[in-house]
Amino acid sequence: DRVCLVMPKSPAAVVGILAALKAGAVYVPLDPASPAPRLAQMIASCQPRIVLAAPQTTALVAACRSAENIGPRFAVVGMDGPLSARLESAAVEPWDHAVEPGEVPPGAAYILFTSGSTGQPKGVVITHANVIAYIEWAVRYFGLDASDRLSGHPPLHFDLSMFDLFGAFAAGAELHLVSPDLNLRPHALAEFIRNHELTQWFSVPSVLNYLAKFDAVRFHDFPSLKRLLWCGEVLPTPVLIHWMTRLVGVQFTNLYGPTEATIASSYHTLTTCPQDGRMSIPIGRPCDGEDLLVLDDALRPAPVGEAGHLYIGGVGLSPGYWRDPAKTAAVFLPHPDHPPGDARVYRTGDLARVGDDGLVYFLGRADTQIKSRGYRIELGEIEAALAALSSVREAAVVAIHSEGFEGSVICCAYVPASGGDLTPMTLRTALGRVLPSYMLPGRWRAFAALPKNGNGKIDRPFLRESFLRGADDRMPAAWASHVEAA
């Protein structure tokens with residue numbers, strides 16, 4: 001059975017997750033901020049026996065039934081409090097084309113839905129063994145114990161939250177759930193870390209960038225903090241320097257890994273603070289039981305220092321996508337170093353290189369390496385240069401197709417630093433001091449705050465659409481209020 005959670009992050013939601021696992025079911029955490037039609041797609045796909053709802057999401061669950069015309073094919077449990085639940089009395093009808101037992105991978109623990117290129121969300125199945133392997137490594141490597149107080153920052157439908165949740169349980173530590181409204185109040189978020197005396201902070205880099213740009217972190221701040229971890233995006237090196245110069249004695253670790261490989265597959269802990277904001281921070285070496293392979297187009301190891309496609313293998317690898325063998329076969333491939341049928345690797349879609357130090361360095365998405373005016377350009381390099389400018393609070397670079405000679409037009413979305421009068425011309429001039437002219441964006445747009453998706457990452461698809469629309473800057477209702485608040 002599948003149990004869906006359409007609930008905000010709360011103690012009641014955590015209880016719901018544990019209840020589903022205790023029953024031997026597969027739980028499916030869904031984003032309660034998603035529109036009903038999208039949620040209905042995911043509910044219809046996994047065909048739950050039960051949907052857990054909070055008082056504020058029961059109307060949304062009802063709308064999902066209407067949106068996909070799935071009717072009363074699942075029971076709704078209203079989680080009215082952290083330790084109580086109420087089951088609706090309505091009759092439950094059987095699902096059409098029900099899930100066959102063979103379609104549920106052995107040992108499945110949860111399904112996380114990610115964006116699909118076709119517009120249909122993809123469900124990534126993660127097993128108990130996948131999670132246990134990572135958590136056992138993490139508890140051992142980070143030295144987690146019952147004295148720890150861990151942050152619970154990511155939403156429960158984002159795989160980073162699984163480390164917070166199960167890492168805390170495995171170590172007998174405290175888990176401190178961070179309210180989403182603090183993401184737009186950097187000084188209040190810093191105060192949360194202080195007041196809760198957190199020993200570990202784990203989030204996506206955009207949160208760390210936000211705190212740094214608003215100067216919310218004092219020198220020698222957070223005296224209880226022992227570890228600061230990030231994953232999900234590249235943390236700009238100038239922002240890392242900002243944090244490391246203020247929190248001397250804190251362990252800083254960069255984690256890397258897609259949802260399909262369970263939380264994280266590699267790590268790099270810095271031993272010294274970078275001296276140059278242009279330095280690349282490696283994603284490091286594989287966690288125990290994991291493989292990181294940088295391969296060329298023929299699936300041969302790329303030479304040291306040269307870019308290749310990044311593949312992951314090992315104990316964290318998902319069985320594949322929920323009820324979608326075609327998508328699974330397209331990206332989960334036979335391991336090139338093992339006999340046929342013995343092991344698999346996942347094609348991440350990322351580019352990487354192996355450095356002279358033997359560590360792996362992330363170079364960006366394969367689909368963010370573009371050609372413009374005949375030059376091959378990595379958009380992440382432009383973003384790194386923007387991050388080094390004190391006049392910029394946040395920035396993101398996307399490319400849109402052009403029918404002109406340039407092939408792709410580079411577009412920059414940026415948020416000026418507080419009190420700054422930053423125009424595209426002054427920004428272009430500043431970038432021109434560190435980048436060649438062919439890498440300078442051709443279109444610019446200032447924002448009050450960059451749009452974020454439900455996982456806290458920059459919403460690049462919306463930015464591309466925004467530039468394609470030209471002067472039309474209308475925002476989706478899902479984040480317009482966040483921009484106004486910022």
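**Close-up 1. H157 and the residues around it in the predicted model.** H157 touches P29, L30, D31, L112, G454 and N455, leaving aside residues up to four places away in sequence. Contact means heavy atoms within 4.5 Å. H157 sits in the loop between β8 (149-152) and α5. Helices (H or I, at least four residues) and strands (E, at least two) are DSSP runs, numbered from the N terminus. The relative accessible area of H157 is 15%, so H157 is buried. The classes are buried under 20% relative accessible area, exposed over 50% and partly exposed in between (1.4 Å probe, protein chains only).

This is a predicted model: local features need pLDDT of at least 70, side-chain atom pairs count only at pLDDT 80 or more, and totals for chains, interfaces and linings use all residues. Residues are numbered from 1 along each chain as its sequence is written, and side-chain values use heavy atoms, with hydrogens and water left out.

**Close-up 2. The crossing of helices α4 and α5.** The axes of α4 (residues 128-142) and α5 (residues 160-171) come within 10 Å and cross at roughly 70°. Therefore α4 is roughly perpendicular to α5. Angles under 35 degrees count as roughly parallel, over 145 as roughly antiparallel, 65 to 115 as roughly perpendicular and the rest as oblique. Axes are lines fitted to C-alpha atoms, for helices over the stretch in contact; angles run from 0 to 180 degrees between N-to-C directions. From α4, the contact uses V131, Y134, I135, A138, V139 and F142; from α5, M162, F163, F166, G167 and A170. These residues divide into 10 nonpolar, one polar and no charged. Ala, Val, Leu, Ile, Met, Phe, Trp, Tyr, Cys and Pro count as nonpolar, Asp, Glu, Lys and Arg as charged, and the others, Gly among them, as polar.

**Close-up 3. The open sheet β23-β24-β25.** Three strands form this sheet in that order, with mixed pairing. Two strands pair if DSSP finds at least two bridges between them. At the edges are β23 (392-401) and β25 (443-446), each pairing on one side only. From one strand to the next, the twist averages 20°. Strand β24 (residues 408-416) runs parallel to β25, joined by four bridges. A413 stands opposite R445 in β25. Helix α10 (residues 379-387) packs on the sheet, touching β23 and β24, with its direction at about 160° to that of β23. Helix α12 (residues 460-469) also packs on the sheet; α12 touches β23, β24 and β25, at about 65° to the direction of β23.

**Close-up 4. D367 in its loop.** D367 lies between β20 (360-365) and β21 (369-372). Its relative accessible area is 58%, so D367 is exposed. D367 and L379 are 12 residues apart in sequence and 9.7 Å apart in space, C-alpha to C-alpha.
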